[in-house]
Structure formats: C-alpha cells, structure tokens
Amino acid sequence: MNRSVLMCLFLLMTILNVNAQYSDTISSKSIYKKAIVPAAFIGIGVLINGSQFEQNLQTDLRNKVGNDFESSIDDYTQYAPIATMYLADIIGVKAKNHWFDQSKYLFISNAISAAITHSLKNIISKTRPNGSDHSIPSGHTTVAFTNAAVLHQEFRETSSVLAYSGYAFAVTTGTFR
C-alpha cells in the first residue's frame, strides 16, 4: 500500500475515533454519515496532490495575492474559540462542563491534534510556497479547528450561535494559512 492510502486510512480512523469519543450515544450509521465529508476532502487532497491542477491553483492564488503576502491575523484567530469559551463561562452561559473539565478536554484534544499534525507533516513533507518545509497539514488550522470543536461540544445544547462561532474563526485561520 502506498503512503497516501495509509495516510487516508489513518486520518479516517482518527476522525471516527474522535466522533465516537464525543458522542454519548452513537450508532455506526451516524459515524459513517459524519465521516463522509472529511473522507471526501482527504480523498480529493490525495488525488490532486502534486498534480498540474494543484500547481496551477497555487500559481494563480500567488499571482492574485502577491508572492510576498503574509498576515499575522491567523496567529490570533486560531485561539479565538478558546477565548470565546472562557468568556462565555465568565458571563454565565451554561456549558456542558465546568471550566476545569473544559480546560482538560481542550488540552487533551490539542495534544492529540498536534501529535497527528506533526506526524503527518513529516510523512507528507510538502514544501511551503516560500520554500520552507512542512506546509501540510497546517498547524494553525489544526489548532483553530480543534479549539472550535471543543467550543462546539461545550455549548451546542445551550447556545448554537456560540457553539458554531468558533468555526468562523477556524475558517478564517485556514483561509489566511
């Protein structure tokens, strides 16, 4: 089996495992439904990796934004879901867990995400447009989506706007990366 297929299987198993851990009652049917979109994106990524389409997309994007485009906003937006969660706790929005447990889950989630991300960076070893190593997967984007997922889990039953707000910051972080 080649490395891309193994990576896809590893990512899919990780997604299924995380979904199973966060759900109180989960059926195999709901696991597969939840895995369809991530699996499709992973598959598309593997298929276009190194292709002419990918090279053209990168060139066109760089031509539009400029070769020297950099922004530090994503250094902050990746942590916005954490700030949102603790601010909601301070102002008294009912959460699923106490702030101590929230912190524990946040730490564990980020530790697992970081381990997976850094392992994949070494396996994929794709260079950045500026020539430096390890561009994919984005550590900033991983942190942002991990933090958004924890925020979502804490407030999905009491405040859906608050629960989903973290994903806006995560998408912003990913876009700037």
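Rings of Phe, Tyr and Trp (its six-membered ring) form an aromatic pair if their centres lie within 6.5 Å; planes under 30 degrees apart count as stacked, over 60 as edge-to-face and the rest as tilted. The model is predicted, so that local features need pLDDT of at least 70 and side-chain atom pairs pLDDT 80 or more, while totals for chains, interfaces and linings use all residues. Residues are numbered from 1 along each chain as its sequence is written, and side-chain values use heavy atoms, without hydrogens and water.

**Exercise 1.** Determine how many aromatic pairs there are, and classify two of them.

*Solution.* Step 1: the count comes to three aromatic pairs. Step 2: Trp99 and Phe100 are 6.1 Å apart, centre to centre, with 80 degrees between the planes, and this pair is edge-to-face. Step 3: Tyr164 and Tyr167 have centres 6.3 Å apart and planes at 40 degrees, which makes the pair tilted. Step 4: ring pairs link Phe145, Tyr164 and Tyr167 into a cluster.

**Exercise 2.** Find the salt bridge (a side-chain nitrogen of Lys or Arg within 4 Å of a carboxyl oxygen of Asp or Glu), and state where its partners lie in the helix.

*Solution.* Step 1: there is one salt bridge. Step 2: the side chains of Lys104 and Asp101 form this contact, at 3.4 Å from N to O. Step 3: both residues belong to helix H6 (residues 99-124); because they are three residues apart, about one helical turn separates them. Helices (H or I, at least four residues) are DSSP runs, numbered from the N terminus.

Key. Helices (H or I, at least four residues) and strands (E, at least two) are DSSP runs, numbered from the N terminus.
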